[in-house]
Amino acid sequence: QVQLVESGGGLVQPGGSLRLSCAASGSAFTISAMGWYRQAPGKQRELVASITSDSNTNYADSVKGRFTISRDNAKNTVFLQLNSLKPEDTAVYYCNVNYRAYGDRFIAWGQGTLVTVSS
């Protein structure tokens, strides 16, 4: 089974930047797609960005041009660079990893990291 550990959230002023990281650990697994979701208070969880195993990326319209997703396959880690942050970006951010192990496909979720954008 894969465990995910997230880091990098915090309080930032509007216009500021943060970098989120999510590291996967475990044994006998192969990661395919990785992504970041977020959930704001009173709202449903939504996809922010995703990246395939060959680094094709996809972004929500609300973050295009401001956020960048990347991955380090050697370290089984996915990153999310958040720039030009807005108050409406305030949410708990969750990483998501699709992986194969023992012939089956699985999805793992991180524990969530809070991003607060406020002056």
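Predicted model: local features only at pLDDT ≥ 70, side-chain atom pairs only at ≥ 80, totals over all residues.
Reader: Why is Arg 38 called buried?

Author: Buried means under 20% relative accessible area. Arg 38 has 6% relative accessibility, so Arg 38 counts as buried. The residue belongs to strand β4, which covers residues 30–39.

Reader: What does Arg 38 touch, leaving out residues up to four places away in sequence?

Author: Its contacts include Gln 44, Val 48, Ser 62, Phe 67, Glu 88 and Ala 91. Glu 46, Asp 89 and Tyr 93 are also among them.

Reader: What makes the approach of Arg 38 to Tyr 93 a polar contact?

Author: The limit for such a pair of N or O atoms is 3.5 Å. Between the side chains of Arg 38 and Tyr 93 the value is 2.9 Å.

Reader: Why is the pair of Glu 46 and Arg 38 called a salt bridge?

Author: A salt bridge needs a side-chain nitrogen of Lys or Arg within 4 Å of a carboxyl oxygen of Asp or Glu. For Glu 46 and Arg 38 the N to O value is 2.7 Å. The two side chains are also joined by a polar contact of 2.7 Å.

Reader: How many salt bridges does a search of the whole structure find?

Author: The search finds four. One of them joins Arg 66 and Asp 89, with the closest N and O atoms 2.7 Å apart. Arg 66 is in the loop between β6 and β7, and Asp 89 is in the loop between β8 and β9, so this pair links distant parts of the chain, 23 residues apart.

Reader: Are Arg 66 and Asp 89 buried or exposed?

Author: Both residues are buried. Through shared partners, salt bridges join Arg 66 and Asp 89 with Arg 38 and Glu 46 into one network.

Reader: Which residue forms a salt bridge with Lys 64?

Author: The partner is Asp 61, and the closest N and O atoms are 3.1 Å apart.

Reader: Why do Lys 64 and Asp 61 get their accessibility labels?

Author: Exposed means over 50%, and partly exposed lies between that and the limit for buried. Asp 61 has 64% relative accessibility and therefore counts as exposed. Lys 64 has 49%, so Lys 64 counts as partly exposed.

Reader: Why is the pair of Phe 29 and Tyr 99 called edge-to-face?

Author: Planes over 60 degrees apart count as edge-to-face, provided that the ring centres lie within 6.5 Å. The centres of Phe 29 and Tyr 99 are 6.2 Å apart and the planes stand at 80°, so the name applies. Phe 29 is in the loop between β3 and β4, whereas Tyr 99 is in strand β9, 70 residues apart. Both Phe 29 and Tyr 99 are buried.

Reader: What makes the pair of Tyr 99 and Phe 106 stacked?

Author: For stacked rings the planes must be under 30 degrees apart. Here the planes are at 20° and the centres 5.3 Å apart, so Tyr 99 and Phe 106 are stacked. Phe 106 is partly exposed, because its relative accessible area is 34%.

Reader: How do you know that the charged end of Arg 45 sits over the ring of Tyr 94?

Author: The distance limit is 6 Å from the ring centre, with a further limit of 35 degrees from the ring normal. The charged end of Arg 45 is 3.8 Å from the centre of the Tyr 94 ring and is placed over that ring. The charged end of Arg 45 also sits over the ring of Trp 109, 4.8 Å from its centre.

Reader: What makes Cys 22 and Cys 95 a disulfide?

Author: The two sulfur atoms must lie within 2.5 Å, and the S to S value for Cys 22 and Cys 95 is 2.0 Å. Cys 22 is in strand β3 and Cys 95 in strand β9, so the pair ties together parts 73 residues apart in sequence. The link is right-handed, with 45° about the S-S bond, and both Cys 22 and Cys 95 are buried.

Notes: Residues numbered from 1 in each chain as written. Heavy atoms only, no water. Helix = DSSP H or I, 4+ residues; strand = E, 2+ residues; numbered from the N terminus. Buried < 20%, exposed > 50% of the residue type's maximum accessible area, 1.4 Å probe, protein only. Polar contact = N/O pair within 3.5 Å; in protein donor to acceptor, adjacent residues only side chain to side chain. Contact = heavy atoms within 4.5 Å. Phe/Tyr/Trp six-rings, centres within 6.5 Å; stacked < 30°, edge-to-face > 60°.
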